[in-house]
Every structure is written in C-alpha cells, then in structure tokens.
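Please keep the view at hand while reading.

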Amino acid sequence: MIKPEVVADHNQKQAPTLEADYAALGEKLARRGVDIEQLTRAADTFAVALPSWGVGTGGTRFARFPGPGEPRNIFEKLDDCSVIHQLSQATPTVSLHIPWDRPDDPKALLEYAQARNLAFDAMNSNTFQDQADQAYSYKYGSLTHTSEAVRQQAIEHNVEVVELGKKLGSKALTVWIGDGSNFPGQQHFRNSFAHYLDSARAIYDALPDDWNMLLEHKMFEPAFYSTVIQDWGSSYLAARETGERCLSLVDLGHHAPNVNIEMIVSRLAQFGKLGGFHFNDSKYGDDDLDSGSIDPYQLFLVFNELVDIQQADSAFAPFYMLDQSHNVTDPIESLMYSAAEVQRAFVKALLVDREALLGYQNSSDPLMAQATLKQAFNLDVEPVLQMARQRAGGAIDPIAAYRASEYRQSVARDRPQSGQSGSGIV
Ligand SMILES: [Mn+2]
C-alpha cells in the first residue's frame, strides 16, 4: 500500500481549495433545500467491486501492449486493488475470476485480502475458454453444448467456483457464457436454451441459501451470429425459470447501440430480477471503455432509475462491479477514475427532485421533467466526492496522490515483465 504520509501530505496541500469549494457548493445546495453533509454521508456509502483481471493491462484480439509492473498473480492483483481502495475509498471488494485467480490455499488468500481491507464480491466462472487439464472442449459450447458430458463438465466447474467462493466469503456467482453460433442453422435455438435452463438449475441447486446467481447476457461476441443468452429478455426468462435467487445482471456494454438501458434496469427491477451491474462505457460494438468516458449522461440516467428503485425498496441492493479493459492507461488510474465517475452518477441521481419530477410527469410537462433531471446532472458535485474520500482516509485527488507516490515505478522494479499478466486479452 501507499505510505499514509504521502496521502496526508497530498491532502494537506489540497485541503484549503476543497474547503472553499465545499462551502460554496454547500450554499448552493442549501438554496435547493439539500443538506450537503447528508449528501456527503450518502456518497461515502457508495461501493463498487473491482474485477481482479482489471488491474492487468488489457488488449484486443489484435494485440496487447503490457505496461510496467503488471501484477503476476492474484496476490499482486490484490496489492494493486488495495491501493485503488486506499486512495478512492469506493472499492472495498474484489471480484475473482476462476481459473485465472484459483488459489492453492483459499484461507491464505482470504487473510491476505483482509490484511489489506479487502473482501470478495461475486465469483466469476469461466467456460468460454479451454483449460489445459479439462477433458472436453468448449469450442462448440459449454452449458448449452449438445453433449451432456460437456454440459456436466461446465456445471461442475461452476459448482467448484461456488465451493471456493464459500471459503472466501463471497455471496454470489456470476455466470457468463460465450455459447452461440457463427452460422445460421448451426444451432437449434430452442434446444440450446433448454440445455441452458437445465444446466443453470443444476448450478443453482448447489448454491448456499444466502447466495445469488447472476446471469449476464451479451449481445454478440465471441459468437457473431447468435448468442444463447444474448439479451435481457433471455436473461429474465432464464432467471425466472431457474429460481428465486437467480437474477439478471446488466453489463452497460452488452447491448445494441442506442438501446435504452435505463429502461431495461427499470423493467428488471420492477419484477424483482435485477441482481447486478457491470459498469463500463462503449462507443461502437466494444464493451470495455472506461465508465463515464463516452456517455456520462447515460450513466446518470441508469443511476436515476437505481436510486428511484432504492428509495421505493430499501432491500434493493444489486451487486456493482467495474468491468472494463485498460489497453492504453495505467489500470490503477483508470479504475480509480472510473469508480469516481460511477460514484458521481450515484450522487447526482440523489439530487434529482423526485417530487417535482413526478409532478411534471403527472401534469404532462415533458420540458420541465427533463429539465428536472438536467438540473441534477449539470451540478458539479466534485467537492462532495473529494470530501467523502478525504474523511474516509482516501485522497482528495486519487490520481495526483497515486502519481506522487511513485507506486507504479516501485512495483515495476519488483515485478519484472513476464509478458503474462494473468488477465489475458479481454
Ligand atoms: Mn461484464
């Protein structure tokens, strides 16, 4: 972790500016009837999980350009995650990917994480790649394969991930499969979906009572013609058929361009089936750009729904995770910046005057309804985020503090480049 003196020194220099900005914003919010202290406390409650694979440099199917000091194993990944949480104070959990992060000694891994103020979020299984020691290939599918033996192997892998997660204190399994087809006629749609339902139920049966199973859909890639769980409709149907604690997970990047994702959020939540969220951004067909880097308004509109649902149902607590690929940036910087962007969208959504909005909706005043949303979105809440971080022991400006710490230079010396980050090409 970064020396506390480095963070304290950074904060001391930034504090006078923050105090002035915070006071000015406080006055502005007070005129709207909002207590800035209450908003800052709410900001502090925000948390989003880090993907273990996110701290390694990503890439595309064309190439990967490794950065200096990449983590070479799960312990070094946790070291990087602890730095992100130390400075951002918004990422207290890590989501593991098995087999990439499979520990020899789960107890030792749990202790290592706890010593760094980290816990484990949802576990991710992997049946979209073949592993060296497996009997059957997933080339033509896994949980939906036409062969029962292949399906059984994929089910057993998921059960193994649940068993491992139990030892690590996780409470959820996220299932994403690449199963689908590249040619019309290659796959029987109904049969493959029926196989998926049978496999999902078999995995669900192995789930502890206090766990959730999260089904992630993705429109295309790696199967470019059809994907078995390609949209929220398929995800909803599968979650509904599988069991009460089986829920849909929405990844912001896994939709056709221009799809109204905030409405999907609303639909799934209305029927008790929204279980989790993967944050990222996209411009074309990608699904891995940094959260809020392309369309921060969409991110805000998603949180507008999430906050609206939360205020109606206090038990609503979906799993949040960042899911992005850092190809050209220092992954630690991207993850800190992205966590703050998601937190910013959450805080702005809290500022929406919901009573006024409902009034404009009921009186059919679309201009003022959208203006009510814009009034919250257009306000700069940076001082609230900075104050929440500082009070929690983090850095007022995480990127500046991180660069001042020279953490990357330090790990670059300790971690000679191996050419493998364990994150693969994502
Ligand atoms: Mn995802």
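**Contacts, core and sheets**

Q: Which residues is Leu214 in contact with, leaving aside its neighbours within four places in sequence, and what makes two residues a contact?
A: Two residues are in contact if their C-beta atoms, placed from the backbone, lie within 7 Å. Under that rule, Leu214 is in contact with Ala122, Ala172, Leu173, Thr174, Val175, Leu247, Leu249, Gly275, Gly276 and Phe319. The model is a predicted one, in which local features need pLDDT of at least 70 and side-chain atom pairs count only at pLDDT 80 or more, while totals for chains, interfaces and linings use all residues. Residue numbers start from 1 along each chain as its sequence is written.

Q: What makes a set of residues a nonpolar core, and which members of the largest one touch the most others?
A: A nonpolar core is a set of buried Ala, Val, Leu, Ile, Met, Phe, Trp, Tyr and Cys residues joined through C-beta atoms within 7 Å. The largest such core has 100 residues, of which Leu173, Leu214 and Ala349 touch the most other members. Its largest share, eleven residues, comes from helix 10 (residues 331–350). In soluble globular proteins, nonpolar side chains tend to be buried together.

Q: Why is Leu197 called partly exposed?
A: A residue is buried if 20 or more other C-beta atoms lie within 10 Å of its own, exposed if 12 or fewer, and partly exposed in between, with C-beta atoms placed from the backbone. Leu197 has 15 C-beta neighbours inside 10 Å, and therefore counts as partly exposed. Leu197 lies in helix 6 (residues 189–205) and touches Ala238, Glu241 and Thr242, not counting residues up to four places away in sequence. In the chain, 46% of the 426 residues count as buried.

Q: How do you know whether helix 3 is mostly covered or exposed?
A: Helix 3 (residues 74–88) has 15 residues, and 13 of these are buried, so by the definition of burial helix 3 is mostly covered. The expected span of a helix is 1.5 Å times one less than its number of residues. Helix 3 reaches 21 Å from its first C-alpha to its last, close to the 21 Å expected. Just after helix 3, Gln89 takes a positive phi of about 50 degrees.

Q: How many helices and strands does the chain have, and why is it called as compact as a globular protein of its length?
A: Helices (H or I, at least four residues) and strands (E, at least two) are DSSP runs, numbered from the N terminus. The chain has 15 helices and eleven strands. The radius of gyration is taken over C-alpha atoms, and the globule rule is 2.2 Å times the number of residues to the power 0.38. For 426 residues the rule gives 22 Å; the chain's value is 22 Å, close to it, so the chain is as compact as a globular protein of that length.

Q: What makes strand 4 an edge strand?
A: Two strands pair if DSSP finds at least two bridges between them. An open sheet of six strands has the order 4-5-7-9-10-11, with parallel pairing. Its edge strands are strand 4 (123–124) and strand 11 (319–322), each of which pairs on one side only. Two bridges join strand 4 to strand 5 (residues 172–175), in the parallel sense; Met123 has Leu173 as its bridge partner in strand 5.
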